[in-house]
Amino acid sequence: MKKLIKNFLISTQDAAAASSIREFTINGDVGSVFNLQITNEDGHYYSFEKGNFSAGTKLSTTASTRGSIKSSYEFHILNANANIVVGMTITGDGIVGETKVVGLKNPGTGTSPSVIVMDKAHTIPDSTTVTFVAEKGLNEYEMTSGSYTGSVVLPTVTDDDNYVFLLTASHKDNTFLESIGPELDLVPSSSNYGEFLTTDFRNDLFKSIRINQFTNTTATINLVSSVLTAADVNLSSFSFNIDKPRGFVSGTGFKTSFKWTVVCPTNLAIRKSLDLKAQYFETNKTHTVNGAITNSRTVVLDSVDNLKIGMQITAVSSGSLAGNSHIQLIDRNNKTIVIGATNSFADGITLTFTAGGSSGPNAYGTNLVFQNLAIEIPDLSVTVNGATSNSTTLVLDDASFIQDGTTTIIKGVGIDVDDTVTHVATRASGSNSLTLSSAKTVEDGVTLTIEGSSSTAIITGDVVLTKMGSLDFTTSLNLDKFLGIGVS
C-alpha cells in the first residue's frame with residue numbers, strides 16, 4: 001500500500017551567529033520510510049548522535065573488550081573512548097544481529113565512557129575488537145506514530161554558513177512525498193509566528209530546504225578629530241561595537257551608553273563651540289565614478305548601494321569638489337545620481353558620501369538613534385603669580401589649556417567685583433600672561449577659575465538600536481564639529 005510523507009515543517013528563518021537549535025517535524029503515514037541528510041557549506045554531514053557536523057557520511061570507531069561476558073547487556077572496553085555515542089551500531093565477534101548502543105557508563109574518574117550498554121544481550125570473548133558505526137542523518141527511518149520531531153544544533157560561526165536539509169522518500173518502501181500547500185505558524189507565542197514554515201513538495205521523491213546562518217552585523221561607533229590626530233593624540237580607545245544578528249528588531253531598543261573623556265596635550269586647549277547634536281555622528285560610504293563628467297550634476301557610479309538622498313559628497317580622491325554637492329536623486333537601475341552642484345570628475349576617482357545622525361546607519365539598513373547627548377568642559381583652577389593693581393594684565397603660575405576668546409571666562413576674588421563678565425581677551429601661545437577684557441586688582445597667590453577652556457572634554461550619550469541591517473558600518477562622532485581645539 002502506498003504511504004505518504006505529508007509535510008516537512010521547519011522554520012527557514014536565517015540563523016544568528018551564536019549556536020542555536022532548529023526544530024523540525026516530519027508528518028506522514030504510519031509505516032512510511034524516509035531519509036534525512038543535513039550538510040553545511042563545507043560539505044560536512046550532521047550526526048544526530050553527536051549533535052555536530054563533521055566530514056564523511058558516517059561515524060566510526062573501534063575498541064577492545066576488557067574481560068569476557070556471557071549473555072550480558074554490558075561490556076567493558078580496554079580504553080575509554082569519547083567517540084562512542086548512543087545510537088551507534090555494534091559489530092564484532094559474538095555480536096549477532098543488529099545491535100545498538102543504548103547507554104554509556106563511566107565508573108572511573110575520566111570523562112569518556114568505558115562501559116557499553118547494548119539493546120541486546122550477547123556473549124563476547126575477552127580482547128575482542130568491536131566496531132561502532134553510525135550513519136549520519138536519519139537513514140531509512142520508519143514512522144511508527146505518524147510523525148517524527150527532531151532538532152539540529154547549529155554551531156556558533158565566525159563566517160557565514162548555510163545548511164541544506166535533504167528529505168528523501170524511500171520509494172523502495174513504497175513511500176512518496178505528498179504535494180502540499182505552504183504551512184503557516186499560527187501560534188501567537190511562537191518566535192516564528194506568521195512565517196511560512198515550509199514550501200510545497202515539488203516532486204514525490206525529495207525536498208531540499210536551505211537555511212542560511214550569518215555572522216552578526218557590527219555597528220562601530222567611534223570618535224574622530226583631525227586636529228587631535230595631527231597632534232598625535234591616540235583616539236583608538238574611544239570606540240565601541242554593537243553586535244547583533246542581521247534582522248535583529250527591538251521595539252524598546254537595545255541601548256548602549258558611553259562616556260568618553262578626551263584629554264588634549266599641553267600645547268592645545270579645548271573649548272565648546274556648539275552643543276553636541278546627533279548630526280555630528282557621521283557615516284561614510286565610498287563609490288567609484290564610472291565615466292568622466294565635465295560641468296555636470298549627473299554622475300554614473302560603479303554602485304549606488306547604501307546611498308540615500310541628502311547624503312553629501314565630502315571628499316574626492318583627486319580633483320576638486322564644489323560645495324553643496326549633496327544627492328538630490330538616485331536612479332538605482334542605472335546606478336546614477338544627480339547632485340546639487342555642478343562638478344567635473346575624472347573616470348575612476350573615488351567619491352566619499354557622508355550622512356549625519358540616524359540617516360547614515362539607515363543607509364545600511366540599520367536604525368540607530370543618538371540620545372541624551374551632552375558635553376562637559378571641566379573648569380580649570382589657576383594661581384595668580386604676582387599681584388596686579390587695576391590692570392588688564394594677569395600672570396599665572398601656569399596658563400596651560402587656556403585659549404583666549406569671549407567664551408573663556410575668568411572668575412574669583414578680585415575678578416568678580418561687579419556684574420560684568422570678564423573673559424580672557426588675549427593670550428600669546430605658550431605664555432603664562434593673560435590680557436583680560438577689563439582691568440582688575442588681584443592679590444598674588446589667589447586661586448581663580450577658568451570656564452570654557454580646558455584640557456578635557458567629557459562626552460556622554462546613549463546609542464539606541466531598534467533594527468540591525470546586514471552590513472557592517474562605522475559611525476564616527478566628529479569632535480571638530482562642536483569643539484574648538486586650538487593652541488593654548
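L205 lies in the loop between β17 (196-198) and β18 (206-213). In this predicted model, L205 has a relative accessible area of 34%, so it counts as partly exposed, the class between the 20% and 50% cut-offs.

**Strand pairing around β14**
- Strand β14 covers residues 161-169.
- On one side of the pairing list is β3 (residues 33-40), which runs antiparallel to β14 and is joined to it by seven bridges.
- Within this pairing, I38 has F165 of β14 as its bridge partner.
- β14 also pairs with β18, again in the antiparallel sense, over eight bridges.
- D161 stands opposite Q213 of β18.

**N162**
- N162 is a residue of β14.
- Its relative accessibility is 8%, so N162 counts as buried, the limit for that class being under 20%.
- Leaving out residues up to four places away in sequence, N162 touches T39, N40 and E41, and also R210, I211, N212 and Q213.

**Nonpolar cores**
- The largest nonpolar core has 71 residues, and I337 and I459 have the most contacts inside it.
- I337 touches, among others, R297, T298, V299, L301, I327 and F353, with residues up to four places away in sequence not counted.

Technical notes: Residues numbered from 1 in each chain as written. Predicted model: local features only at pLDDT ≥ 70, side-chain atom pairs only at ≥ 80, totals over all residues. Heavy atoms only, no water. Helix = DSSP H or I, 4+ residues; strand = E, 2+ residues; numbered from the N terminus. Buried < 20%, exposed > 50% of the residue type's maximum accessible area, 1.4 Å probe, protein only. Contact = heavy atoms within 4.5 Å. Core = buried A, V, L, I, M, F, W, Y, C linked by side-chain atoms within 4.5 Å. Pairing = 2+ DSSP bridges.
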